[in-house]
Amino acid sequence: MKRLFLLIFIGLFVQTLAQFNQGNLLEAEYTPTYYRLEMNLNPYQSDFSGKTTMKFITTESTQEIKINAKENLNIENVSYHSILLNDYSRDGDVLRISLPENLPANQLDSISISFSGNASTSSGLMLGDHEGVPVIETLSEPWHASTWWVCKDDLIDKVDKIDVVIRHPSEFKAASNGVLQSVTDLGDGSTITHWQHNYAIPAYLVAVAVTNYVEYNHTVDIGGTNVPIVNYIYPESLDEWSDSLDLVPSYMEILSDKFGDYPYKTEKYGHAQWNRGGGMEHSTMSFMGKFTFNLIVHELAHQWFGNMVTCASWRDIWINEGFADYCTGLLNDHFYGEEKFKQWKQERVGLVTAENWGSVYVPEGSNQSRIFNSRLTYKKGSMMVHLIRYMLNDDDLFYEVLNEFLYDPRFNFGFASVEDFKDVLEIVTQKSWDKFYEDWIYGEGHPILNVELNKNPDSNIYTLNFIQTPSHHSVEFFEMPIEIEFNGNDQTEIRRFELNQLENSFSISDLPFEVSSFAVNPNFDIVCEINLAVLNTHDLTELKTKIYPNPSKGFFNIKSSQKIVEVKVYDVSGRLVGQWSGIDQLNFTIQTSDWSNGVYGLYIRTLNDEIVEKLIVNN
Ligand SMILES: [Zn+2]
């Protein structure tokens, strides 16, 4: 009984978490295929009303339709085959509708639900104003769609088509997804604007906005198709942003070159201005407050990463935000050059390493602010896309991975998890990315590096030593190829070194110049902190090998900037007390607890030196 209770308890817990992971996921016996969303939106007042007509296919025999409707929505009526149904109930955020008859599996059917509610201030359907003119705008991501329209509000369903029909004051324009079908003045001060979108879309990407917009439009040729770019801008803002908007066609061309044609080229792309600082990538109509380069590119990139292929759960938000943010880096590189891209990376490395914790993969049970954590989901996320590119060291292969992922029939216009991306990455590159995922996607923190470059005073041989400390205990050590830029005699050479343990040491004998300085991670490709980077050219033996504690009590350590190869200990009479060879480490500990107290002679051989030291044992 106890065990059964425990199992039920665990079962409930798992179900709740799963619901969170994929939004307001409910167990339903159908798949939605189409929505007609009719809304009455008047920005002069906070109350609104609407009607959802949903087509669906039953996945199994059922007499009940469950659909998401948050508690703030009032249900006005439910209509099935033009008959009003009275047999429905509210169960928290779920509306349960009993049908008059049982539906068999694989039946195509439809149902309409009328609702009403009040605008919010922070999410869902929001009311605001600009220059004294009211505006209504929506923001549904991650799970607020069902606060303003009745829908299946989760990350497993995309409908094939939506019609959005908005009745609003005639002096305003209404923006939404897809193609404008009609604008009909009803002659009573109100107008009906009808938009239609014919691509697979999840509930959170459906959006509307209504205010006194002016239109500022362009077209762009994408693969032989003339794609309209429709911008709905506040009249007072157009002068400020028209130059920025003029560049959108070129961004669409570049991203289409890199990731295949703009996914919605038979419809449109566009922007609607809203009252928030950031942006939201609603399919074919991004909403944003300011039309800055990075924001425009970010929301546009989401049309591929996020909209065409959508994260399979909110824990997988890297698929949306990491890749979209990385596209801003790519376009900074394309339009402003390598130095600007380097700054872009440097800024991200600085922000990510400002704190020692946090993974790209969102932990179970995280709230909305953790899901959209700027440092982890966006900045670390985009640097991990870059790290994949850097590790591949082959841009053709990198873009092949991304394109294979985007157009994989399992994910294209569907959903994909971080593991799904790994699957494609491993297939295309023909190698395991387990360690990368463990360290950089699931693991927290970043490596902190101490780097020493030691020049042998008698030759042109250098020893390069790395000691890594992970910033967070979840990662034992970070595997990575790191670049070192060697400078000297007006020359520069960048070389890569594979770090695969906490301490790595390399011998370099073929640099064509004498090194006067060096830089670690010179192009900011790796998210890491450089704690120490020193070049030693003289008196290595005295400076760089330490014996401590001396006098020793029970044990002593030898720490060297070059790998220790062999240690011998002699007593005062010259008798060999101990010998250790083949050590190959930077640190070595010797136990002295069963030695007699007194003075000993220590012979230490490192990679490039021999050292003789005096040790006092005082147990
Ligand atoms: Zn984004």
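Biologist: Let me start from a definition: two strands pair if DSSP finds at least two bridges between them. With that in hand, what order do the strands take in the open sheet of 3 strands?

Modeller: Keeping in mind that this is a predicted model, the 3 strands of that open sheet stand in the order 3-7-6, and their pairing is antiparallel. Strand 3, residues 62-68, and strand 6, residues 88-91, are the edge strands, and each of them pairs on one side only. From one strand to the next, the twist averages 30°.

Biologist: How many bridges hold strand 6 and strand 7 together?

Modeller: There are 4 bridges between strand 6 and strand 7, the latter covering residues 94-103, and the two strands pair in the antiparallel sense. To find this pairing in the structure, you can look for tyrosine 88, whose bridge partner in strand 7 is isoleucine 97.

Biologist: OK, and the open sheet of 4 strands, what's its order?

Modeller: The order in that sheet is 9-10-15-12, again with antiparallel pairing. Strand 9 (124-130) and strand 12 (173-176) stand at the edges with a single partner strand each, so one side of each has no neighbour in the sheet. The twist in this sheet averages 15° from one strand to the next.

Biologist: Which residue of strand 10 partners glycine 128?

Modeller: The bridge partner of glycine 128 in strand 10 is valine 135. That bridge belongs to the pairing of strand 9 with strand 10 (residues 133-139), two antiparallel strands joined by 7 bridges.

Biologist: Moving along, what does strand 14 pair with? I'm looking at strand 11 and strand 13.

Modeller: Strand 14, residues 190-197, pairs in the antiparallel sense with strand 11, residues 161-169, over 8 bridges. Strand 14 also pairs with strand 13, residues 179-185, in the antiparallel sense and over 6 bridges. As landmarks, aspartate 163 has glutamine 196 of strand 14 as its bridge partner, while serine 182 stands opposite histidine 194 in strand 14.

Biologist: How many residues lie between the strands in the hairpin of strand 13 and strand 14?

Modeller: That hairpin has 4 residues between the strands, and glycine 187 in the hairpin takes a positive phi near 80°.

Biologist: Switching to helices: at what angle do helix 5 and helix 8 cross?

Modeller: Two packed helices are described by the angle between their axes and the distance between the axes. For helix 5 (residues 318-336) and helix 8 (residues 374-392), the axes cross at roughly 70° and come within 7 Å. Angles of 65 to 115 degrees count as roughly perpendicular, and therefore helix 5 is roughly perpendicular to helix 8.

Biologist: Which residues of the two helices meet there?

Modeller: On the side of helix 5 they include Trp318, Phe323 and Tyr326, and on the side of helix 8 they include Tyr378, Met384 and His386. Sorted by class, the contact of helix 5 with helix 8 has 6 nonpolar, 6 polar and 2 charged residues.

Biologist: And helix 4 against helix 5, what's the crossing like?

Modeller: The axes of helix 4 (residues 293-301) and helix 5 come within 8 Å and cross at roughly 125°, which makes helix 4 oblique to helix 5. The crossing of these two helices is right-handed. Asn294, Val297, His298 and Ala301 of helix 4 meet residues of helix 5, among them Ala324, Cys327 and Leu331.

Biologist: Last topic: what domains does the assignment give?

Modeller: The domain assignment gives domain 1 as residues 27-212, domain 2 as 310-442, domain 3 as 447-536 and domain 4 as 541-617.

Biologist: How far apart are the C-alpha centres of domain 3 and domain 4?

Modeller: Those centres lie 27 Å apart, and 11 residues of domain 3 are in contact with 9 residues of domain 4. On the domain 3 side, the elements that give two or more residues are strand 23 (447-455), strand 24 (462-470) and strand 27 (503-508). That side of domain 3 has 2 nonpolar, 7 polar and 2 charged residues.

Biologist: And how many bridges join strand 24 to strand 27?

Modeller: They are antiparallel strands joined by 6 bridges, and phenylalanine 466 has asparagine 504 in strand 27 as its bridge partner. Strand 24 also pairs with strand 23 in the antiparallel sense, over 9 bridges, and leucine 453 stands opposite leucine 464 in strand 24. Strand 23 and strand 24 form a hairpin with 6 residues between them.

Terms used. Residues are numbered from 1 along each chain as its sequence is written. This is a predicted model: local features need pLDDT of at least 70, side-chain atom pairs count only at pLDDT 80 or more; totals for chains, interfaces and linings use all residues. Axes are lines fitted to C-alpha atoms, for helices over the stretch in contact, and angles run from 0 to 180 degrees between N-to-C directions. Angles under 35 degrees count as roughly parallel, over 145 as roughly antiparallel, 65 to 115 as roughly perpendicular and the rest as oblique. Two residues are in contact if their C-beta atoms, placed from the backbone, lie within 7 Å. Ala, Val, Leu, Ile, Met, Phe, Trp, Tyr, Cys and Pro count as nonpolar, Asp, Glu, Lys and Arg as charged, and the others, Gly among them, as polar. Domain bounds come from an automatic or database domain assignment. A crossing is left-handed if the near helix is turned anticlockwise from the far one by less than a right angle, and right-handed if clockwise.
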